[in-house]
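Please look over the sequence and the structure before turning to the points below.

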Amino acid sequence: MQDKQDWFKCDIDRKTLKALSRRTDGPGILHFGAYFTILIGLAAMLVYTWGTWWAVAVMLLYSAVWSFANAAGHEACHGTPFRNHTLNRTLLYICSWMLSWEPVSLKWVHARHHSYTSDVGNDAEYLLPNPVRWADILSLAGGWNQVWHYNRELVQLTFGYANYFIRESVPASELPAVFRNARLFLLSYIAIIGLSVWMQTWLPVCLLLLPRAVGAPVHGILRITQHGALATGVKDHRLTTRTMYLNPLLRFFYCNMNYHIEHHMFPMVPFHALKALHERVRDQMPVPSKGVSGAMAEVLETMTRQKTDTSYVHQPVIQKSGSG
């Protein structure tokens, strides 16, 4: 098992890193204000087009945008989007509700993911084991893995059952809050279904429940690119994690998580500063993959080579060394 300490770090001036790690409310308010404005606007369009074929196209777009609550909620887990603690907590709970996450356990289990990145058996978020199989690729790309896992976990928590990773990650003093949140979330989902039955329309369900499933493939494919087909059990994020270049629109919705090595190496740097961090350390990093298609090509090439060598993993070229 990996030790939590002594992970490789790129060389970077301490003052520069401190400046990049500074938390402030402004960028987060602008970014997530814009995100939720877009989401609400699409919801209004869905209501307006309801009962026409246009609603199908709007529903797909709305669900795709909804899926990026994954990225927003992930940032809130780190407490970095805002300086204000209440804003961070509010964002975490909103996004968790949108995606059937229980927010307290999510925060602790995700912290474990950073401590034991791609350490098989200890990283709860290690979802694409080597050798990579098509069944796992399709499960992630289709979003079935995520939708099934978090909804099953929410039901289990509702009845007071915490799985291994939650028991290992969450302090016992916080488990009552975990169970309470799960019950409140599940009751709210049941209430929405009841509202749809009472109103005799699928609209409430389509607005508030189905998007997490319909939009899941969007973020599922991005999750494949984060650690797929890379090394396991080594304390160097450059070998276990992938950075890729994306267009500005996708970077916006993805909260700059395409700079994923940088995020894992320096997790307290806010999402809005990751591009600047990348510029400071990129000469010590692998060459970034060229978009989602480039990252997926690396995964598929690795799968081909693993047919004859099951120990093979994608091996990024490190440009120069930093510090341990």
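The model is a predicted one. The protein contains 18 helices and two strands. Its radius of gyration is 20 Å, close to the 20 Å that the globule rule gives for 324 residues, so the protein is as compact as a globular protein of that length.

**Overall form**

- The C-alpha trace spans about 60 × 45 × 40 Å along the principal axes of the protein.
- Of the 324 residues, 52% count as buried.
- The protein exposes about 15,600 Å², and carbon and sulfur atoms supply 64% of that area.
- Among contacts between residues at least 6 apart in sequence, 72% join residues at least 24 apart.

**Nonpolar cores**

- The largest nonpolar core has 53 residues, and those with the most contacts inside it are Tyr35 and Tyr62.
- Two or more residues of this core come from each of the elements α2 (26–49), α3, α4 (69–78), α5 (85–99), α11, α16 and α17 (274–281). The most is given by α2, with seven residues.
- Leaving aside neighbours within four places in sequence, Tyr62 is in contact with Leu39, Leu42, Ala43, Leu46, Cys206, Leu207 and Pro211.

- Leu106 belongs to helix α6. This residue is buried because its relative accessible area is 10%, where the limit for buried is under 20%.
- Leaving aside neighbours within four places in sequence, Leu106 is in contact with Cys77, Leu92, Ser96, Trp101 and Tyr150.
- Leu106 and Val170 are 64 residues apart in sequence, while their C-alpha atoms are 9.0 Å apart in space.
- In helix α7, the buried residues are Asp136, Ile137, Ser139, Leu140 and Gly142. Their cover includes α8 (144–158), α13 (216–227) and α18 (291–306).
- Gly143 follows α7 and has a positive phi, near 80°.

**A nonpolar patch on the surface**

- Trp53, Val56, Leu60, Leu210 and Val214 make a nonpolar surface patch of about 530 Å².
- Leu60 counts as exposed because its relative accessibility is 51%, and exposed means over 50%.

**Backbone features**

- Most residues other than glycine have a negative phi, and most peptide bonds are trans. The next points concern departures from these patterns.
- Asn130 and Pro131 are joined by a cis peptide bond, with omega about -5°. Pro131 is in the loop between α6 (103–115) and α7 (134–142).
- Gln200 has a positive phi, near 60°. Its place is in the loop between α10 (175–199) and α11 (203–208). With a relative accessibility of 73%, Gln200 counts as exposed.
- Cys255 also has a positive phi, near 55°, and is found in the loop between α15 (248–253) and α16 (260–265). With a relative accessible area of 1%, Cys255 is buried.

**Salt bridges**

- How many salt bridges does the structure hold? There are four salt bridges, and the points below describe some of them.
- Arg133 and Asp136 form a salt bridge in which the closest N and O atoms are 3.1 Å apart. Arg133 is partly exposed, with a relative accessible area of 48%, whereas Asp136 is buried, with a relative accessible area of 14%.
- A salt bridge also joins the side chains of Arg238 and Asp236, at 2.8 Å from N to O. Both Arg238 and Asp236 are buried.
- Glu298 forms a salt bridge with Arg242, with the closest N and O atoms 2.8 Å apart. The pair links distant parts of the chain: Glu298 is in helix α18 and Arg242 is in the loop between α14 (237–240) and β1 (244–245), 56 residues apart. Glu298 and Arg242 are both buried.

Definitions and conventions
Residues are numbered from 1 along each chain as its sequence is written. This is a predicted model: local features need pLDDT of at least 70, side-chain atom pairs count only at pLDDT 80 or more; totals for chains, interfaces and linings use all residues. Side-chain values use heavy atoms; hydrogens and water are left out. Patches are made of residues with over 30% relative accessible area and no salt bridge: like charges are joined within 9 Å, nonpolar side chains (Val, Leu, Ile, Met, Phe, Trp, Tyr) within 5 Å. Accessible areas come from the Shrake-Rupley method with a 1.4 Å probe; for residues, only the protein chains shown count as cover. Buried means under 20% relative accessible area, exposed over 50%, partly exposed in between (1.4 Å probe, protein chains only). Helices (H or I, at least four residues) and strands (E, at least two) are DSSP runs, numbered from the N terminus. The radius of gyration is taken over C-alpha atoms; the globule rule is 2.2 Å times the number of residues to the power 0.38. Contact means heavy atoms within 4.5 Å. A nonpolar core is a set of buried Ala, Val, Leu, Ile, Met, Phe, Trp, Tyr and Cys residues joined through side-chain atoms within 4.5 Å.
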